Amino acid sequence: MNLPERRHGNALRWPQVAAIRFRDSPHETMNTLFAPRPFLWPLRILGLLFCGALSSLAQGDPENIRLNEVDPDTPGTDDREFVELYGDPNTPLDGFVLVFFNGNGDTSYFAIDLDGAVTNAQGFYVVGNSGVENVGITFPNNTLQNGADAVALYLANGTDFPNGTPVTTTNIQDVLVYNSSPSQDTGLLTGLQPGATPLIQVNEDAGGNKVNESMARLPDGGISFDASNYANVIPTPGVTNVISLEITLIPSPSNISESGATTTSLVTIELEAASMSNLTVTLASSDTSELSLPAEILIPAGSMTATFTATAVNDAWPDGDQFVFVTANAVGYLEGSTGITVQDDGDSDPGLVINEIYASVDSVSGDANNDGTAGASDGSDEFVELVNTSGSVFDLSGFTLSDSATVRHQFPGGTRLDPGCAIVVFGGGNLNEGRLAAFGGAIIQKANGSNTFGLSLNDAGDLVSIRNPAGSGGLEVAGHAFGMSGSTFGGVTSSLGSFSRNPDITGSFELGPHTAGFRRDFSLFCPLPPQIMMLLSANPVLENAGSVALQITVSPAPATNLSIALTSNRPAAASVPATAMISASGTTTTVNVSVINNAFQNGAAEVTLSADAAGYLSAATVLTINDEGDPFPTIAINEVDYDPVGADDAGKEFVEIYDGGAGNVALDGYVLVFYNGNANAPSPVDGEYRIIDLSGQQTDANGFYVVTTPQDGIQNGGTGGDAIALYRGVPAAEFSGTVPGGAPAGAILVDALVYEAGDGNLIAPLNYTGPDLTDAGSADGISRVPDGTGTFQLKALTRGYSNDGGNATGYVTWASAFPGLGGPMVDSEFDGLANLLEYLLGKNPTVSDPLPALVPTRNGNGRPQVRIAKGAAAGADPLLMARVEVSASLATGSWTTAGTNVITDDANALVVEYTGASPVIFMRVVATYP
């Protein structure tokens, strides 16, 4: 079962909704299906047809029906008049009425009952003259008046609006007040205004071409009673409204300079036709580092022109003349564009130098980032060092660092490099970011691009470039292409050195020892500010050591008492006091680091301890905690869903880990490896395609931990099958490029699952003896029953819960009796009821059976009342909540429990009466589950 994210306050839930409509009339009771948003499994009344689940609704939501296009004035004898409605596809229009109002007297002159009409597969329905394309219901030629008049949509009967009915807002759903001139009809605008927001009157002749144009929403739909997105367009009855009006941009001049006398251009906007209402035009520059514009400009209703100023940006580097596109967009108009050339003013070099590049990392001396792991295979020790030679502070905010393939790092906002100082970007690693004394006071950052291997610098050669904030397409401020193939340093291979300038800053690149943050002679680029140093009395330590002393030293001594904030990145392994204090004129203090002793063997844990104080450089040190030899916990792959129902979106596929029920067990040292069994896959055949390090994670109180992946993160098997294996004993990075039979030395196989006809290259080395199972997009998963020790089998999903109901919720226990059922929002047998409503009603979710009628009756008080009978399992489940909501209009946000009174809500039934006074009321049943 895919449980949604839990939140404080308004928790996410599964709402399952059933709805009815009745008219409080002594002569009739109308029971008409309506399916309100957001998730709808409506109960049909008195034997009417059921709707399906959300993914396969047969009908749309009447709440979404809008007036979409109106054309009252057409060429000749007005025989092409029409009103177009738009909403969800296949939506019944039963209960809707179109009413035409005359602005002379503000009363109705025509009404059309829409009972029996249904929107088409695209969501359109047309009422108009017989010669109009795609027309459904017809009315006589020359019926729709030219204005000032109005067309309104109501929930009512046509007989409720005999000719001469005054304007009203009772049960109104949408309205368009229009004219063929700018003059306003205040009677219609106020008489048909349903709330506090004033209506907008639309002018069909705003473009001077009323007989050839209609009034249409662009894009289709919009918000009820909001006419701001109407525009004059070529009529399109029954199909998508098409934008036809153009915007023209005229710059004067079209050539400006970064500096000097002409740095701005006055741009004129010309509309092909004036807008009916105030028009917001959104402006954009194709290169904001060269040309800046206002974000938007307002053109008043009836106006066809406006102006704005485009201003050249005076950057600090020579980049030549730049041609910049300026675009303008507005609702109802095609995009307009023009070009402005920004002429360069011949700036000198910006003063940023690439000084050192470390690409080929040595496995012995390659711990460039000082995190305790030499030559890490994940690329974390790769680095690029930059130096500011400009003589002033260089703001790197938004600049990018790229290799030959793509952007690998973007410098965060606030990255400012002092004159003469260095900044170093590492591929990754267990280290703090900021200005660190351990790197000569250089600013340290870790690559934040969408890469999976450090900076991804090619050992044999690559191109490193720094570009301005325009990103990958911006100006190259500094760049260097390097090649290391065949190079030597000190008679050994190039992997023992980096490429750095000799002398620093001005010299040519040569191989030498890596000196991140320092010059080649290990002197500083710029003076160090006050700093903090940390020294552990022992490192590494066993997890049963109890504590280890941490000496903290500052330089220089503070003039007043100095408070130092201490943090541990893994307090479950080692904790520190929140603060340490160094007295005025003192330089040293000592605190104890508490080492946490857990009950299971989980390998070594690396904990970063950090110290921060105002006015001092931050410091960090890494404490390694070795396991004392506890027995290993019983960890197993417990449940897998590699092919969920629908799209394999991020977070839907998962692997569930189980610790045997111990609860809160650390998963440090455990690694999930995913193997591709396709014999035709790229080399290596049957090799890993994904590695997930579980270090730093732990199971929950019930013993479960769920691992999710990106979209399509777990392969679906196919030819040769696929496999998931759980290992411990070696770092995750060592599994890169391996196959099951070639797992790294020291790797201990803990558990494995091979699925979809895995070949021997997977089955044998993974010691898999279970059944061959396939989950081809079903609602099932592959689960161990009982948890942790049982045989894998196809079973309804219980993500994060026991597979055999040991700690399952009421729904899970109920669903376990129906193998393959799926989650609460699934309609397993396509009978129109989602599983959660089947659960509420006590029905069999695997059988398409007759549905109970949800019939409104009158109780002893004469009020309408509904009774929802509960199933035995649901009635005993305190987590399942059901309520009845009402709406008089189906308008968005109108559903409420106000006007209802709960008569009974027990294990047997929910009985609710309506206490309001609306003559037409809609009722819906909403079931929610945590």
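**Aromatic pairs and an open sheet**

Tyr 154 counts as buried, because its relative accessibility is 0% (buried means under 20% relative accessible area, exposed over 50%, partly exposed in between, with a 1.4 Å probe and protein chains only). The model is predicted: local features need pLDDT of at least 70, side-chain atom pairs count only at pLDDT 80 or more, and totals for chains, interfaces and linings use all residues. Residues are numbered from 1 along each chain as its sequence is written, and side-chain values use heavy atoms, with hydrogens and water left out.

Rings of Phe, Tyr and Trp (its six-membered ring) pair if their centres lie within 6.5 Å; planes under 30 degrees apart are stacked, over 60 edge-to-face, the rest tilted. The count comes to 18 aromatic pairs. Phe 101 and Tyr 154 form an edge-to-face pair, because their planes stand at 65°, with centres 6.4 Å apart. Phe 101 sits in strand E4 and Tyr 154 in strand E8, so the pair ties together parts 53 residues apart in sequence. Strands (E, at least two residues) are DSSP runs, numbered from the N terminus. Phe 101 is also buried, at 0% relative accessibility.

Phe 674 and Tyr 689 make a tilted pair, 6.1 Å centre to centre with 55° between the planes. Phe 674 is buried at 0%, whereas Tyr 689 is partly exposed at 22%.

Now the sheet. Five strands form an open, mixed sheet in the order E14-E21-E20-E16-E18. Two strands pair if DSSP finds at least two bridges between them. E14 and E18 stand at the edges with a single partner strand each, so one side of each lacks a neighbour in the sheet. Four bridges join E16 to E20, which run antiparallel.
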